[in-house]
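Please go through the structure below with this short briefing beside it. The notes are grouped by topic.

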Number of protein chains: 2
Amino acid sequence: MLPQYRRVYELLRKHILEGVYQEGDILPSENELCRLHGITRPTVRQALSKLMNDGLIHKHQGKGSIVHRIPQDIGILSVSGTTSAIGKKILKTHILSGPTIMQWPEKFIFELSPVEVESGCIYLERVRMVNEIPLFYDISYIANINLPRFSSRTFENKSLFEILRKSYSIEIKGGEQRLKAISAQGNIIDLLKVKKGNPILYLERKLETSRANFFVYSTLFCNTETHSLYGAF
Amino acid sequence: MLPQYRRVYELLRKHILEGVYQEGDILPSENELCRLHGITRPTVRQALSKLMNDGLIHKHQGKGSIVHRIPQDIGILSVSGTTSAIGKKILKTHILSGPTIMQWPEKFIFELSPVEVESGCIYLERVRMVNEIPLFYDISYIANINLPRFSSRTFENKSLFEILRKSYSIEIKGGEQRLKAISAQGNIIDLLKVKKGNPILYLERKLETSRANFFVYSTLFCNTETHSLYGAF
DNA sequence: AAATTGAACTTGTATATACATGTTGCCACA
DNA sequence: TGTGGCAACATGTATATACAAGTTCAATTT
């Protein structure tokens, strides 16, 4: 059973992302939300606190809860979206490889627990394009622990996180990442269609989930020539 | 007056950062903290919630609150610290210019409010070095609103945020940032001692503070050849 | 007309309490 | 000796309540 504060959070989140509430709008007051959902204020505040955490709303004492920013979601969480010019609709995801079950690479970018090593991982290679221009090359590694039918799922133009969220009730809670600027070389040149030596943003991330000891790892190559990465924190 | 949950938060935060509690340690349980500080559990939980938010602790139901990670703080908040090899001690900050009061640059990286434009800004240029190697070149713009004696302060080897925090009770609450990988050119080559064309990580950030409508802006150039940027979220 | 007061709203802080659920370790029983 | 189960303790969720403090606006006063 989903906790009540989560239900309210999910609903408000959905409404904000779908534009029911738009940037600058004021959400119903805490007391109104209490009445609407038949819960008490601490519970409502827990939901709003999560929304604040997501950077979706601001709160001002005496005023109310104000919708902050509709993130341009491209499924890379905290560092997500690009310039405001890029909407959800023109972002396309193309699967290059996977999802396939395999062993973890040797010398993995993050340290793995024995359980993870033993279970192997699900491997996924994707390229994401905006206006037919490839901007992201993205390799994901997911511990193959209790994810029935995962490797046979379709990921084209779907968010990996959305699938984890809806099909397995796994939510990304946070994570850590390492950032570097590197020079384009090897297959990156072809995949992102850049010149050799061009600056490329490189990310390594380890994402925590709501399931204990279950992490999602990924490496990301971004061509930031025309579009910056955007993130809130 | 500082709220009680803030007091407890500050204390625990200080203890974690100072190493009283180390990575993997378990904090006193919520009920113990209640007794220790003479407050109730919801209040303690509010403090712990803030610590979780900072990425300083994890919580596990049934187990306790576990200290997560002592961030290698280099004063750039969420994207902070570098590899674990870099400790606080060997990071040196050198002021290149400022703090000086001046007008905002034309065509600023972020949109400014009329009040901000009218007030002008405090300008600050810094280079940060690890082992005598320059890794960061950092330009900060701070709205010149009610900050007495600010421009005459000394910043050598001090955190800008620490000064805002301690001298003006201004706390960084969050913010937004744009990330790019660029090629080294112009004065960046000299300042960061890199070759022309080398990949450089470029950041533009707008930081929200606890003071309404008061923001800190900065642009950052990072040489990530030897050290990645590290961040939690 | 302008300024002040105050009522009615908002979110912020805090207490007291209850039960649910996950974790650990010890004790009694087989 | 081993193991199952229970007690004790941890955090998670939720209610009910109270007062503090910031905001807004309209009524009242000057």
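Of the 233 residues of chain A, 33% count as buried. Buried means that 20 or more other C-beta atoms lie within 10 Å of a residue's own; exposed means 12 or fewer, partly exposed is in between, and C-beta atoms are placed from the backbone. This is a predicted model: local features need pLDDT of at least 70, side-chain atom pairs count only at pLDDT 80 or more, and totals for chains, interfaces and linings use all residues. Residues are numbered from 1 along each chain as its sequence is written, while chains are lettered from A and ligands numbered from 1 in the order in which they are written.

**Chain A overall**
- Chain A has six helices and nine strands. These are DSSP runs numbered from the N terminus: helices are H or I with at least four residues, strands are E with at least two.
- Take the contacts in chain A between residues at least 6 apart in sequence: 59% of them join residues at least 24 apart. Two residues are in contact if their C-beta atoms, placed from the backbone, lie within 7 Å.

**Helix packing in chain A**
- The axes of α1 (residues 4–18) and α3 (residues 41–53) of chain A come within 8 Å and cross at roughly 45°. Axes are lines fitted to C-alpha atoms, for helices over the stretch in contact, and angles run from 0 to 180 degrees between N-to-C directions.
- α1(A) and α3(A) are therefore oblique to each other. Angles under 35 degrees count as roughly parallel, over 145 as roughly antiparallel, 65 to 115 as roughly perpendicular, and the rest as oblique.
- On the α1(A) side, the contact involves Gln4(A), Tyr5(A), Val8(A), Tyr9(A), Leu12(A) and Arg13(A). They meet Thr43(A), Val44(A), Gln46(A), Ala47(A), Lys50(A) and Leu51(A) in α3(A).
- By class, the residues of this contact are seven nonpolar, three polar and two charged. Ala, Val, Leu, Ile, Met, Phe, Trp, Tyr, Cys and Pro count as nonpolar, Asp, Glu, Lys and Arg as charged, and the others, Gly among them, as polar.

**DNA surfaces**
- Around DNA strand C there are 22 residues, and the closest are Ser29(A), Pro3(B), Gln4(B), Pro42(B) and Gly62(B). A residue is near a strand if its C-beta atom, placed from the backbone, lies within 6 Å of it.
- Two or more residues each come from α2 (30–37) and β2 (64–67) of chain A, and from α1 (4–18) and α3 (41–53) of chain B.
- The surface near DNA strand C divides into five nonpolar, twelve polar and five charged residues.
- DNA strand D also has 22 residues around it, with Pro3(A), Gln4(A), Gly62(A), Ser29(B) and Glu30(B) coming nearest.
- For DNA strand D, α1 and α3 of chain A and α2 (30–37) and β2 (64–67) of chain B each supply at least two residues.
- The surface near DNA strand D holds five nonpolar, twelve polar and five charged residues.

- Most residues other than glycine have a negative phi.
- Lys107(A) has a positive phi of about 50°. Lys107(A) sits in the loop between β3 (91–102) and α4 (114–119) of chain A.
- Lys107(B) also has a positive phi of about 50°. Its place is the loop between β3 (91–102) and α4 (114–119) of chain B.
- Why does Lys107(A) count as exposed? Lys107(A) has 5 other C-beta atoms within 10 Å.

**Ile182(B)**
- Ile182(B) lies in strand β6 (residues 172–183) of chain B.
- Ile182(B) counts as partly exposed because it has 18 C-beta neighbours inside 10 Å.
- Not counting residues up to four places away in sequence, Ile182(B) touches Pro199(A), Ile200(B) and Tyr202(B).
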